[in-house]
Amino acid sequence: MSYIEELESRLDQSFIAIRYNVEMEGPAIKPESDPDVQNILPKEEPYKSIATGVLYGDMEATLNGVKKGLEEEDLSPIDIINNGLMKGMDAVSALYTKGFYFLPDLMLSGDSMMEGVKECEKVLGHKSETKATTVSFVAEGDPHDIGKNLVVMFLRANGYDAIDLGRDVPTEEVIKAVEEYKPIFVTGTALMTTTMTVFPKVVEELKKKGLELPALGCGGGSVRKDFVESFPMSVYGVEAYHTPKLADSILKDKKTWKELRKEYSEIVGEFVPEYA
Amino acid sequence: MNLKENLLKVLSGENVDVTPVISVTQIGIVEAMEKTDAYWPEAHTDPEKMATLGSSLYELAGLECARIPFCLTVEAEAMGCKVDLGTKDKTPLVTESPFKSASDIKIPTDFSSNGRVPSVLEAVKILKEKYGDILPVIVGITGPFTLTGHLLGVENLVRSMRLRPADVELAVDKALEVSMEYVRALSEVKPDIICVADPTSATELINPLQFKSIVKPRLEDLGAEIDSKKVLHICGSAEPIIKDMADIGFDGLSIEEKVDIRRAKEELGKGGKIMRVGGRAVSMGGEKEPKLIGNISSSQTLFRGSPDEVKAEVKNALEAGVDILAPSCGLAPESPLKNIQAMVEARNEYHGI
């Protein structure tokens, strides 16, 4: 055993002073050095610098990378979205799950990615082909829409035509949107205890009209799994970035809300304590 | 037992025989409104009704405090924001703010006579007159970071935490001035406890390190300005910041059910004494341990659970060593009165009263 190892074992680690800036900034580990992130990030350029731009929430770097790819290397906009922008966002989700990234990081990376997607769509000359339509709303009486905005961002980034009904949305409007757009997936979010009671009402109204959804995803602030599972047609969503994976499994594997509840962890591809 | 003395003793660190059961967060529920004829939205503005509803759960369920107001929009409204006061089962919300950026924020010279600030002050007077020495009167105020969110928009604020942290600090400093102004106005009517609620600084929204560098110093300054007993309430998974919350120097910390009481208590031992240096509050650490308040789930058990479920949760919390029993967050207006009664009964059963 080396001298340092021996010393370490004798020291009470909780009494070690940490230099102020180290505590503030964390140890000098860059986000791209994280092993999970390294697995996700593409190796070849310009995808690598595009994804890294997203990872840092650096809009300028992301856009530079995207433009370079489109103009100088003549890459397909679809490839840039899938192999560059999306990979960056996957890496961000991984760091968020591990507790290294927080909401502000998620939002800034999301902004960078969406700007990159817009740039690609300009070249495509139209919106990129969408997989299917989804509808997102914030419960009536609730003005807190950060969660819903993230859900919409993740859905759009993954190729869904995500209809955003906004915040404080009356139940009738949700029903109208379901009739009009025939979405494969609807998400409802609420921060407050007082407003989450809207979700079972939405389901009730849908049933009255004879409308059936593959699933109504419910999540946000005070919303808990056992509340969501106390009424039918619903599935409790844990993280915003799980939404496209749930939508994919409805679209590709024709999963129903019952199956989503049972196979949640498998579908989103990670361990989810709420569903353990 | 004198309820007020009992509670203040706990917050001063003295031992008591019976764990107080109170609420430091919103307590207006529809069932109590019907029984006392003090309804929202009138009770948000009318001091008499505010006092009646604020003490309704003491009268109807034996909860050991009066607590006003019922929202976190009083300061924002007095600053010039538009507020929708809601209905009898819908809490008030800030709908519009006149401010776009940190430098826009101007504090009105007549802040403490603006909006509903005078209603709150008047309601405290009414409650003190009515219950004086027997019942503690708790006033909830908005923490500076949450107020900043009201003034500039939460989403905007959260983005700015990384893009323009210097602007955020400027804005939070202005919000702090507002909070201090409010606290000074309140100190003239002498509530027994001031509860500072700062939900926007929860770890779900900002990085715990930024809680430490940006929010915490302002809460220390605000705490030093409060001359009554003081409690800090932060929602969500507060475990990563509980150590920092502990050494801000408040007498009590109110936490949600997402925080494990046993683990939190271990962290609390590291609480602190506050020294003022050059006009700023500096934590000295080590002297006093804040008391843990909570954490009976207001979104699950108290709202939708049965009285038996409430009782089981109360028993768990007491066994885990909670110092003061309380709902984990603001009560949902549709929460049944019998669940609040069950909370008090369960405490009584536990202590064999």
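Buried residues account for 47% of the 276 residues in chain A. A residue is buried here if 20 or more other C-beta atoms, placed from the backbone, lie within 10 Å of its own, exposed if 12 or fewer, and partly exposed in between. The model is predicted: local features need pLDDT of at least 70, side-chain atom pairs count only at pLDDT 80 or more, and totals for chains, interfaces and linings use all residues. Residues are numbered from 1 along each chain as its sequence is written, while chains are lettered from A and ligands numbered from 1 in the order in which they are written.

Chain A contains 14 helices and 5 strands. Helices (H or I, at least four residues) and strands (E, at least two) are DSSP runs, numbered from the N terminus. The C-alpha trace of chain A spans about 75 × 55 × 35 Å along its principal axes. Among contacts in chain A between residues at least 6 apart in sequence, 70% join residues at least 24 apart. Two residues are in contact if their C-beta atoms, placed from the backbone, lie within 7 Å.

The domain assignment divides chain A into domain 1 (31–124) and domain 2 (133–269). Such bounds come from an automatic or database domain assignment. The centres of the two domains of chain A, taken over C-alpha atoms, are 26 Å apart. Across the boundary, 8 residues of domain 1 of chain A are in contact with 4 residues of domain 2 of chain A. On the domain 1 side, α6 (77–97) and α7 (103–124) of chain A are the elements that give two or more residues. The largest share, 5 residues, comes from α7(A). By class, this side of domain 1 has 6 nonpolar, 2 polar and no charged residues. Ala, Val, Leu, Ile, Met, Phe, Trp, Tyr, Cys and Pro count as nonpolar, Asp, Glu, Lys and Arg as charged, and the others, Gly among them, as polar.

Helix α6(A) also packs against α7(A). Their axes come within 10 Å and cross at roughly 175°. That angle makes α6(A) roughly antiparallel to α7(A). Axes are lines fitted to C-alpha atoms, for helices over the stretch in contact, and angles run from 0 to 180 degrees between N-to-C directions. Angles under 35 degrees count as roughly parallel, over 145 as roughly antiparallel, 65 to 115 as roughly perpendicular and the rest as oblique. Residues of α6(A) in this contact include Ile80(A), Leu85(A), Met89(A) and Tyr96(A), and those of α7(A) include Leu106(A), Met113(A), Cys120(A) and Leu124(A). The α6(A)–α7(A) contact has 13 nonpolar, 3 polar and 1 charged residues.

On α5 (residues 59–72) of chain A, the axis comes within 10 Å of that of α6(A), and the two cross at roughly 140°. The pair is therefore oblique. The crossing of α5(A) and α6(A) is right-handed. A crossing is left-handed if the near helix is turned anticlockwise from the far one by less than a right angle, and right-handed if clockwise. Gly65(A), Val66(A), Gly69(A) and Leu70(A) of α5(A) meet Pro77(A), Ile80(A) and Gly84(A) of α6(A). This contact has 4 nonpolar, 3 polar and no charged residues.

The loop between α5 and α6 of chain A holds Asp74(A). Phi of Asp74(A) is near 55°, a positive value in a residue other than glycine. Asp74(A) counts as exposed because it has 7 C-beta neighbours inside 10 Å. Lys182(A) lies in the loop between α9 (171–181) and β3 (185–189) of chain A. Its phi is near 45°, again positive in a residue other than glycine. With 12 C-beta neighbours inside 10 Å, Lys182(A) counts as exposed. The peptide bond from Glu45(A) to Pro46(A) is cis, with omega near 0°.

The contact between the chains takes 16 residues from chain A and 23 residues from chain B. On the chain A side, α7(A) gives the most, with 5 residues.

In chain B, α4 (residues 47–54) and α7 (residues 117–131) pack at an angle of about 55°, with their axes 8 Å apart. This makes α4(B) oblique to α7(B). Leu292(B) is placed in strand β10 (residues 291–296) of chain B. With 25 C-beta neighbours inside 10 Å, Leu292(B) counts as buried.
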